[in-house]
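This report describes how a protein model holds its ligands. Please look at the sequence and structure below before reading on.

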Amino acid sequence: MHRGPAANLVSELANGQTIAAISTAVGEGAIAIIRISGSAAVEIAGKIFRAKSGLEDFPSHTQHLGQIVFNGTPIDQAMIAVHRAPGSYTGEDLVEISCHGGMLASAKVLEACLHAGARSARPGEFTERAYFNRKIDITQAEAVIDVIRAQTDLALRSATEQLSGRLGDQFRGLRQQLIETLAHVDAGIDFPEEGISPDSIEVVRGRLVSALARIQDLLATAETGRILREGLRVVIFGPTNAGKSSLLNRLLGFDRAIVSETHGTTRDTIEEPIHLRGIALRLLDTAGLRAPENQVEEEGIARTQRTLHTADLRVRVLDGNVARPSNFVTGPDELLILNKSDLPEHEDWKSTAAIRISCKTGAGLDKFETEIFRRIGGEKLNAEHPLAINARHRVHLERAASACDRTLQAINEQATAEMFAADLRQTLQMFDELLGGGDEEAIRDAIFSQFCIGK
Ligand SMILES: Nc1nc2c(ncn2[C@@H]2O[C@H](COP(=O)(O)OP(=O)(O)OP(=O)(O)O)[C@@H](O)[C@H]2O)c(=O)[nH]1
Ligand SMILES: [Mg+2]
């Protein structure tokens with residue numbers, strides 16, 4: 001299992017600070033859910049809830065109808081459910097009150113809970129308690145945020161994979177492998193007169209080679225993970241009047257940008273989110289590139305240049321119906337598009353490899369989408385088990401990979417066990433931290449503070 005909670009936090013939880021928060025989104029809705037978690041949850045809820053029988057007699061995981069009363073005044077009719085420790089989300093006694101979804105009703109119910117002895121929960125504190133009470137591991141806690149933020153089917157599938165614990169299992173497997181490897185090395189250090197036998201060294205080397213390969217495999221999913229979590233910036237650029245804004249409108253399915261036959265129509269950068277085959281993209285239309293005719297256009301073109309620097313994918317759009325510009329060059333990672341394929345193609349383009357499309361008729365757009373999908377590694381993302389690491393995992397895995405690499409080099413150079421044991425320990429430490437060991441405050445800051453209140 002993953003590493004347990006640090007002792008001081010266990011004692012804080014054991015002290016039984018009971019927390020409460022509204023767990024549903026702010027605003028009007030059919031119902032709002034107020035959660036109370038901690039050793040006094042049932043007692044606190046009992047003070048504000050009136051029903052046929054007492055809350056303490058409710059069997060765990062059953063719902064009951066009653067009334068919430070605050071300062072002797074009924075606030076709302078509500079359903080209440082008691083989830084007793086340890087079989088709850090947080091691992092503590094957890095009470096969920098479902099009241100009507102008015103902003104005032106839910107705020108009053110929370111106020112009643114706080115008045116009865118609960119304290120306001122910090123962002124993510126319910127999930128934090130689930131983690132410190134070992135209901136979930138740290139990678140699962142991270143997946144909870146990913147599920148909440150997922151914008152596409154693919155991102156959701158990847159997040160639920162991680163939520164099921166598959167990524168944590170992989171980290172734990174690697175950690176175990178490193179612990180066993182270190183045991184071999186430590187044995188050699190403890191009995192220096194015997195040293196590490198050549199057989200043992202081969203075992204150590206073999207394990208490290210396989211660990212490094214698995215770390216590299218996981219690191220290879222980092223880019224995928226970034227795209228799934230953050231989306232991808234696709235910038236459409238090129239000369240004026242090529243049809244860049246027409247392409248943006250086509251992909252969006254509505255007329256977002258002004259299109260006209262006048263050169264220099266688009267002056268500012270326009271950004272819109274789209275979903276392309278399950279992947280979230282941010283599509284940017286830019287001011288056409290030419291010698292600017294005035295200051296506004298000059299600023300527009302400067303913005304285009306800045307946008308290009310931050311692009312994940314650059315799509316250069318050209319008008320296939322007109323002659324090739326004399327200064328025509330393409331950048332290395334650009335996707336080249338020849339637009340207006342409904343019109344005769346100018347002979348200058350005959351030998352140019354590009355995707356031919358028509359924003360007017362829609363011809364070639366399928367091919368264009370397929371190419372974007374290919375370039376951003378869409379097939380990989382669409383795999384049956386789309387596990388992809390996040391930025392925190394990447395930092396630790398990169399450090400683990402270089403420490404592991406250094407260990408292997410030292411072994412190859414026939415260094416003594418003492419010399420490479422430190423690097424090996426560092427590799428292991430990276431996995432400890434990946435699984436939540438180490439600085440508790442840092443974990444709070446890095447992970448749980450990103451949650452909303454009530455989760
Ligand atoms: N025949 C034809 N005309 C097109 C096509 N795509 C765009 N146009 C026309 O080309 C002209 C320029 O289109 P825009 O989309 O405004 O071009 P742009 O690249 O955004 O131009 P700027 O904003 O000036 O940089 C308009 O008159 C469009 O109707 C196409 O596929 N076929
Ligand atoms: Mg335009």
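## Terms and basis

A polar contact is a pair of N or O atoms within 3.5 Å; within protein, one must be able to donate a hydrogen and the other to accept it, and residues adjacent in sequence count only if both atoms are side-chain atoms.

This is a predicted model, in which local features need pLDDT of at least 70 and side-chain atom pairs count only at pLDDT 80 or more, while totals for chains, interfaces and linings use all residues. Residues are numbered from 1 along each chain as its sequence is written, chains are lettered from A and ligands numbered from 1 in the order in which they are written, and side-chain values use heavy atoms, with hydrogens and water left out.

## Contacts of ligand 1

An oxygen atom of ligand 1 lies 3.5 Å from a polar backbone atom of Glu261. For Gly264, a polar backbone atom is 2.8 Å from an oxygen atom of the ligand. A polar side-chain atom of Ser245 is also 2.8 Å from an oxygen atom of ligand 1.

## The magnesium ion

Ser245 (OG) and Thr266 (OG1) coordinate the magnesium ion (ligand 2) at 2.0 to 2.1 Å; donors are N, O and S atoms within 2.8 Å of the metal (3.2 Å for Na, K and Ca), and sites may look incomplete because water is not among the atoms. Ser245 belongs to helix 10 (residues 244-252) and Thr266 to the loop between helix 10 and strand 9 (270-276), so the pair ties together parts that are 21 residues apart in sequence. Helices (H or I, at least four residues) and strands (E, at least two) are DSSP runs, numbered from the N terminus.
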